[in-house]
Amino acid sequence: MKPIVNTSWLKRNELKLRFPEDARESDVYFAYSLNKNNELIVGVCCYNDGVLYRTDTESEEVYTLSLGDIKSVRCVTYVGCIAFEYTDMNDVEWELCRAGMECRLMMQNAAKQIEVIKEGRTPPKTVENLELCCPKCGAPYRSGSNICLECSDKKGMIKRILPYAAPYWKPLLFSILLYFATTGVALITPRINKILIDDYIKAEATPLLGGFIAVILALVGVSLFNVISGVIRNILIVKVGNNISSELKDALFKKVQQLSVAGISRRSAGELITRITSDTVSMMELLTDTMPTLIQQSLVFIGVGVMMFSMNWQLTLLIIFPMPFIMFFFFSTRRYINRRYHRQWQSESEANTVLHDIFQGIRVVKVFGMEEYEAKRFDKQIKKISEISASNEVFWQLIMPPINLLMSIGEFFILAYAGSKIIDGTMTLGDMQVFLSYAAMLYGPLRWISFLPRRLTRQLTSAQKVFEIMDEKIDMVDLDDSIEREIDGDITLKNAYFGYDKGEYVLKDISLEVKQGEMLGIVGRSGVGKSTLINLVMRLYDLDEGNLLIDDIDIRDYSQHCLRSQIGVVLQETFLFKGTLYKNIAYANPNATPDEVIKAAKLANAHQFIMKLPDGYNTMVGERGQTLSGGERQRIAIARAVLRNPKILILDEATASLDTETEKLIQDSVAALTKDRTTLAIAHRLSTLRNCTKLIVLEKGKIEEMGSHDELMRKQGRYFDLVMAQRQISKFKK
Amino acid sequence: MDNNRAFTDLVEITYFNSENTKFYLTPAGFPALEAYMKKVVTNDLKEESEEVLWQDLGRVYFHRAFPFDMPTKFISVVDKEGKEYGIIKDVEDLSDEAKEIVLASLDRKYFAPEITKINSVKDRFGYSYWSVETDHGKMDFTLQDTFRAIARISDNRVVITDIKGNRFNITDVEALDHSSYRKIELYL
C-alpha cells in the first residue's frame, strides 16, 4: 500500500514562506483548514514580535493583526470544527479563522500562548507535536500515541524484540534443532512407506520377514520420535514463553507506575490494561511461536521441494502449478472472511451488551414495566446473530469444497501422471505414494504462510505499543539530590498557572500562603479548579508557570515519595481495594499495629459500624465484597488518612456523603485531626468550613476572595452570597 | 393523566418566535438577539426577576437539542457561558430574515460533511483509512475502532467520528452507490 501523504502538511510549509523570515519559525504557530463558509482550505497562522500573521490558499496576501489592537483571544469549540476569535479594543468580537478538529490542539495552544504574551509573561515552549500526525508522512497518530506505525521500522522492531529472547537462547536453539530433526524425519517417512509398499506389499519375490519387521519398527520409531520431540519442544516453548511474557508484563507495569498521573491519564485504563495483558502476550507469541514456526514451515517447504525435484522435476512442476492460484485465493478471501466473522463476533458482543444493560438495570426495567420492550430488543439482536451466522455458515459451505477441490488437483495430476508411468512399468506404486505424501506436506506451509502477514502485523503492532510505553520519557523525575526531610507544612503558591491540556488554564495567577497548622478552606462552584489546586499540592501534576513551595523549598526539589508520604488525603470518591477492611485502612501505613488501626477507625467514627459487621475488621470489601454506603466508605478513607499521621491533610469533599448527624461526629474528629496540621479542605457545605483559619473563593480559575469567614461576610461578596443562598436552602429543609 | 400534566407544567420554557425576537448580525457576522423576555439576571445566586421587557442580549450561541432527529427544531439559544435564554421550537416560527441567520450560524457551528461516495477503505494495524467524496470536496480520514466510530443514528442514518474528532454524515447509507455501500456495509 502506498504511504498516506498529507498534502495539506506540505502545503502549509509552502504557505509559511509568505511570512516574514523570523516569523516562519515562530513557536506560536497553528494551522487552520476551513474558510468562513466551512469550505476546505489550507491556512497557517503565526505570531511574531507583536503581530499575528495569517494566510491561506484562498488569499494571496498575508493578513496581519497587531497584538496591540486586540484585547483578548480565545478558541471557540463547535461541533466538528473550532474557531479562533479575538475581541478588539471596542469589545467587538471577531473570528480570525476556523478549522476542523485536527487543528484543535495547535489552535488552543497558540491561543494560550498569545494570552500569556499579552499579559507580559513568557510562554512556555511547546515541546510536543500538536499536529496529531506524523511529521514524516502525515499519517494521523493513534490516540494516546505519538509514534507513527507507517514510518516505524519493522526490521528495527524485530531487532529490538530479539534481546528479550536472548536469555533463553539455549532452549530456543534446542527447540529449533528439534524442528530440524522432526522435519528430517518427516521427509524420511514417505521413503520408508515406499520400501514397505514396493519391497514387501507389492513385492514380486517372497520378502524376508525380518526385513518387514525392521521396516515396521522403523515406522514405529519415527512416530515415537515425533511424539517425544513434540512434547519436549512444546514444554520448552511454553516455559520460555511464560518467562518472557511475565518479564515483559513486569517491566511494563513498573514503567506505567513510574509515569506521572498526566502521562497515565492520557490513555484510558482499558488501553493500559490491554497493553499490559494482551499486547505483551502477542509480543511473546511472536518470539516463541511465529518465528520458530516460520523457520519450521520454511524448512518443510524447502525440504519437500528439494526432495520432489530430485525425484521427478516434471511431476513436481505439475503439482506446484495450481499453488499460485490457491495462494491468490487465500489472500483475496482472507480479508472478506475475516470481516464476515468479525461481524458475527460484533453482533454477538452487541447482544451481550443488551443483556448486560437489562440485568444491570433490572430494577428500572421492572419498575417501569418494560419487560416486554426489553424482550423485543433482545429478540431483535438474537435474530440478527442467527441471520449473520447462518449466512456465514452457508458461505463457508459454499467456499470450502472449491478450495479442497483446488488443493486436490495436484493429487489428480499425480494420479494421472504416475498411473500412466506405473502402467508403463517406469514407476513403482511406492514412488507414487511418496509423491502423494510430499504433495500433501507442501500445502501445510502454504496455508500457514497465507495467514502470516496478518499475524505478523498484529504481533508487531503489539510490540510497537509495548515499546511505545517503555520508551516514554518519565516527565516527573526526582532530582539526583532530591530532598528527603520531615516537612513542617507551610505551603506557598506564587503566581501559579496550570492547565490539564494545552487548551486552557484551569488555575490562573494563584498566590496564597498557608502556614503550618492553618486550615485553608477552598470554596467555589464545581469545575472551578478546587480539586486541581490540591492535585498540585500532592504533586500529581507540575505547575505550568509560577512556584509552589513547601517550607520555602520548591516542591520539585523533594523526592516524590518523601512528599506524598507526609500528605494524607480524603477524597470525594473513596476507592476500596479488594481485601479486608483492616488491610484497606492499613494501606496508608502497612506497619501499623492492630490497636493503631482501631484507634484510627475510632477517630474517624468508623469503629462502631465496623464492629456491627459479622466479620468485623476482617470483612471483605471491594469487588464482590461487602458493599458499604458512601458515608461508611468515607469514614474508612478518613481512618486511612489518620493512620498516616500526615503533616499536610487534604479533605476533598470529605464529609459530602454523610448525613448531618455523622457529619457532626466527624466534624469533631476532623477538628481534632486538623489541630496542628496544615489542612486544605474543599466543601460545598460551607458549614463544614467553619473551623478554617482562612478561606479562598475560586472563580474562573482565579482567587476572587481571600480572608477569614468574618472578613468575607463583612465584605458581602461572592462568599456572602453563597452563605446566604445556602441558608435559604436550609430554611426550606426545615 | 391530569397529574402528569401538572408535573410538566411546573417548568416554563421561554419559546422564541417572530413576535418576541429580533435577530441581527454583529459587525463580524455573529448572530445576536434582541428579545422580549424576563429580565436576564447574570448572577445566579440572585433571585429571578419577574419583569418582562425588550432587551438586547448581544451575541448569542445556538445549540441543537436534537441534532440528529430534528436539526431545525428545538434550538437552544444560550449565552457565552452556555446559560439558556430560551428555545426556538421550530425555525419556521421565526421571520424569514431571522430564520436565515439562525440556519447559517447552525451550519457554521455543526460541521459534518455529507459523504456522497466512498472511494476506498483500507484496514491497517487495526485502523481504517477512508478516502471519500463529500459535499465539501474530497476528504481522507482515519478511524480507530471502526465499528464504534460509525454510529448508526437510525436504520439508514450514519454519523462517523474520526480519530481527530471530525464528523461525517451519511443521511441514507442505502442511497449510496453500490460500490460505496459495499465498502461500508461490513462495518454496519
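Reply: Happy to; below we go through the ground rules, then each chain, then some local spots.

Me: Great, what should I know before reading any values?
Reply: This is a predicted model, where local features need pLDDT of at least 70, side-chain atom pairs count only at pLDDT 80 or more, and totals for chains, interfaces and linings use all residues. Residues are numbered from 1 along each chain as its sequence is written, chains are lettered from A and ligands numbered from 1 in the order in which they are written, and side-chain values use heavy atoms, with hydrogens and water left out.

Me: What ipTM and pTM does the model score?
Reply: The ipTM is 0.87 and the pTM is 0.70.

Me: Ok, chain A. How many helices and strands are there?
Reply: Chain A has 23 helices and 19 strands. Both are DSSP runs numbered from the N terminus: H or I over at least four residues for helices, E over at least two for strands.

Me: And why is chain A described as more spread out than a compact globule?
Reply: Its radius of gyration is 36 Å, well over the 27 Å that the globule rule gives for 734 residues, so chain A is more spread out than a compact globule. The radius is taken over C-alpha atoms, and the rule is 2.2 Å times the number of residues to the power 0.38. The C-alpha trace of chain A spans about 125 × 80 × 65 Å along its principal axes.

Me: How much of chain A is buried?
Reply: Buried residues are 46% of the 734 in chain A. The classes are buried under 20% relative accessible area, exposed over 50% and partly exposed in between, with a 1.4 Å probe and protein chains only.

Me: What about its surface and charges?
Reply: The accessible surface of chain A is about 38200 Å², and carbon and sulfur atoms hold 58% of that. Areas come from the Shrake-Rupley method with a 1.4 Å probe, and for residues only the protein chains shown count as cover. Chain A has 89 positive and 87 negative charges, with mean positions 4 Å apart. Lys and Arg count as positive, Asp and Glu as negative, while His and the chain ends are not counted; each charge is placed at NZ of Lys, CZ of Arg, CG of Asp or CD of Glu.

Me: Where is A:Asn38, and is it buried or exposed?
Reply: A:Asn38 lies in the loop between β1 (29-34) and β2 (40-48) of chain A, and it is buried at 3% relative accessibility. Its phi is positive, about 60 degrees, although A:Asn38 is not a glycine.

Me: And A:Asp91?
Reply: A:Asp91 sits in the loop between β6 (81-88) and β7 (93-100) of chain A. Its phi is near 65 degrees, and A:Asp91 is exposed, with a relative accessible area of 52%.
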